[in-house]
Amino acid sequence: MFLFTSAEIIAQRLRPGRLMSEVTVLVIVVQRLKAGSKSKFAKVDERIYTILMEPITLLKEKKIILGVTGSIAVYKAVDLASKLTQAGAHVDVIMSDAARRFVAPLSFRSVTGRSVFDDMWTLEDHVRHVALGETADMMLLAPATANTMAKMAYGLADNLLTVTALAARCPIMVAPAMDGGMYEHAATQDNVSRLVERGIRLAGPTTGRMASGLEGWGRMCEPAELLAHVRLLLAERGLLAGRHVVVTTGPTREALDPVRFISNRSTGKQGLAVAQAALDAGAQVTLIAGPVNEAIPLGVMHVPVQTTTEMGDATLNAVESADALFMVAAVADFRPGNQSEKKIKKGETDEWGLAIGLEPTLDVLTAVRTHREKTGYPRVALGFAAETHNAYEYGRDKLLRKGLNFIAVNDVLADGAGFAVDTNRVLLLSSAGVVEEMPLLSKTAVAERLVAHVAKALNNT
Ligand code: CTP
């Protein structure tokens, strides 16, 4: 059955516009094995549904045709149109007659602030379908009914939406929505496979309860998830297209006993923003994350880790073929010399309390440096330095000691910078000196600037 899994997102990224072949599947499996047995293509992390909309640089002024066909999932398409618009895209909605039975065009016009198209026979424009399809960056059919997908599979063009899909030169994505076994039906599967073979992207469907009360495949993806699919598609020609980028983030945890651990205050926000910015630049991203409570971006290969040793192993594995490493994680520098296998009881400590002997952990970047000297990978490495004073001197010293191309120094005590906030103030250094002294910016904006500097360095090597 054709389902657009996260593996396929990566596959399509490796070979844009191509149907996932057995070779591609093999590449993915090998990469997954290399990334460690615990790695997994990030499934939809439901926390993405609660993310508040903010402008997305990649979507700014992008022209998106949203084709809406007759399914009860149209109500979700209104939310999607709203999210795309809030993110900065220009959304032109084309509705089929059946779609208008579910929701009035006014709903879409109200959230997009633009005209809604539904009539092929109007005399207003010369050739509206060609004009819309020629100038768009992408076309998304959501919800896409079995009927409309069947028409597209055979090149039928009997309304403005199907005519535009036939005339469009931009990438097309379909988000199927249908009830009661229709998606699994051989006819639909046949049509979907024709569309995919032709380079049309598939977003979903998912499984669950449908309007009829039946359970099964055919639920349209949620709007936040569709937004992530749109992002992946639009990023394909980005600065990092075809590049493999490894990002580490979050804290690590070192166990004292089965219930206690030593860790730090990192929330992983900055590293997650770097992973998203690398995805938005078209990279294939491996995200090695310590325990974090934030949403994992859709489209990364997620390697969850706990300890510094696990983070070190996963990083050394992943950088073997990597173009760039962003070492954003706040790795624990020490761990208890002895880990008790049983919970340490209060009564077992002496009158002075509990003395914990700490031993140093692996310095991951130093290990990466040795690997790099032998293999040349990762080609570009960027580290972070958390400092509370003498940012420039300590940062420069770390850059040289750890053999990095760049170091992003942040003063964790500065207002609006550091742990658990959405902003950061970063001084970016290379061995040549200051690359950029950034003002107070959102972690997203910092991430985009860092990705742009690394992309430039990669393109110059
Ligand atoms: N780092 C690492 N392995 C460690 C500790 C840190 O790879 N065991 C990486 C971090 O991910 C970061 C960089 O090294 O990219 C600098 O981390 P930071 O905590 O600022 O510096 P430390 O190396 O821990 O040095 P110090 O404690 O002296 O500041």
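Student: At what angle do helix H3 and helix H10 pack?
Tutor: This is a predicted model, and in it H3 (residues 74–87) and H10 (residues 223–234) pack at about 50 degrees, with their axes 9 Å apart.
Student: Which residues in H3 and H10 meet?
Tutor: From H3 you have Lys 76, Asp 79, Leu 80, Lys 83 and Leu 84, and they meet Pro 223, Leu 226, Leu 227 and Val 230 in H10. By class, that contact has six nonpolar and three charged residues, with no polar ones.
Student: OK, another pair. How do the axes of H11 and H15 cross?
Tutor: Helix H11 (residues 269–280) and helix H15 (residues 443–460) have axes that come within 8 Å and cross at roughly 50 degrees. H11 and H15 are therefore oblique to each other, and their crossing is right-handed.
Student: Who's touching whom between H11 and H15?
Tutor: On the H11 side it's Lys 269, Gln 270, Ala 273, Val 274, Gln 276, Ala 277 and Ala 278. They meet Lys 443, Thr 444, Val 446, Ala 447, Glu 448, Leu 450 and Val 451 in H15. Sorted by class, the contact of H11 with H15 has eight nonpolar, three polar and three charged residues.
Student: What about H12 and H13, where do their axes stand?
Tutor: The axes of H12 (residues 308–318) and H13 come within 10 Å and cross at roughly 25 degrees. That angle is under 35 degrees, so H12 and H13 are roughly parallel to each other. The crossing is right-handed. H12 brings Met 311, Gly 312, Thr 315 and Leu 316 to the contact, while H13 brings Val 364, Ala 367, Val 368 and His 371. There are five nonpolar and three polar residues in the contact of H12 with H13, and no charged ones.
Student: Switching to the ligand. Which residues come nearest?
Tutor: There are 14 residues around the ligand, and Met 327, Val 331, Val 364, Leu 365 and Gly 383 come nearest. Helix H13 (364–375) and strand E18 (380–387) are the elements that give two or more residues to that shell.
Student: Which element gives the most to the shell?
Tutor: E18, with four residues. The shell has eight nonpolar, three polar and three charged residues.
Student: What's the phi of Glu 61?
Tutor: Positive, about 60 degrees, although Glu 61 is not a glycine. You'll find Glu 61 in the loop between strand E1 (40–41) and strand E2 (63–68). Most residues other than glycine have a negative phi, and most peptide bonds are trans.
Student: Last one: where does pLDDT stay under 50?
Tutor: Over residues 14–33, for which the model has 18 contacts beyond four places in sequence. Where pLDDT is low, the predicted coordinates should not be read in detail. The protein averages a pLDDT of 89, and 89% of the residues score at least 70.

Note on methods
Residues are numbered from 1 along each chain as its sequence is written. This is a predicted model: local features need pLDDT of at least 70, side-chain atom pairs count only at pLDDT 80 or more; totals for chains, interfaces and linings use all residues. A residue is near a molecule or strand if its C-beta atom, placed from the backbone, lies within 6 Å of it. Ala, Val, Leu, Ile, Met, Phe, Trp, Tyr, Cys and Pro count as nonpolar, Asp, Glu, Lys and Arg as charged, and the others, Gly among them, as polar. pLDDT is the predictor's confidence in each residue, from 0 to 100. Two residues are in contact if their C-beta atoms, placed from the backbone, lie within 7 Å. Axes are lines fitted to C-alpha atoms, for helices over the stretch in contact, and angles run from 0 to 180 degrees between N-to-C directions. Angles under 35 degrees count as roughly parallel, over 145 as roughly antiparallel, 65 to 115 as roughly perpendicular and the rest as oblique. A crossing is left-handed if the near helix is turned anticlockwise from the far one by less than a right angle, and right-handed if clockwise.
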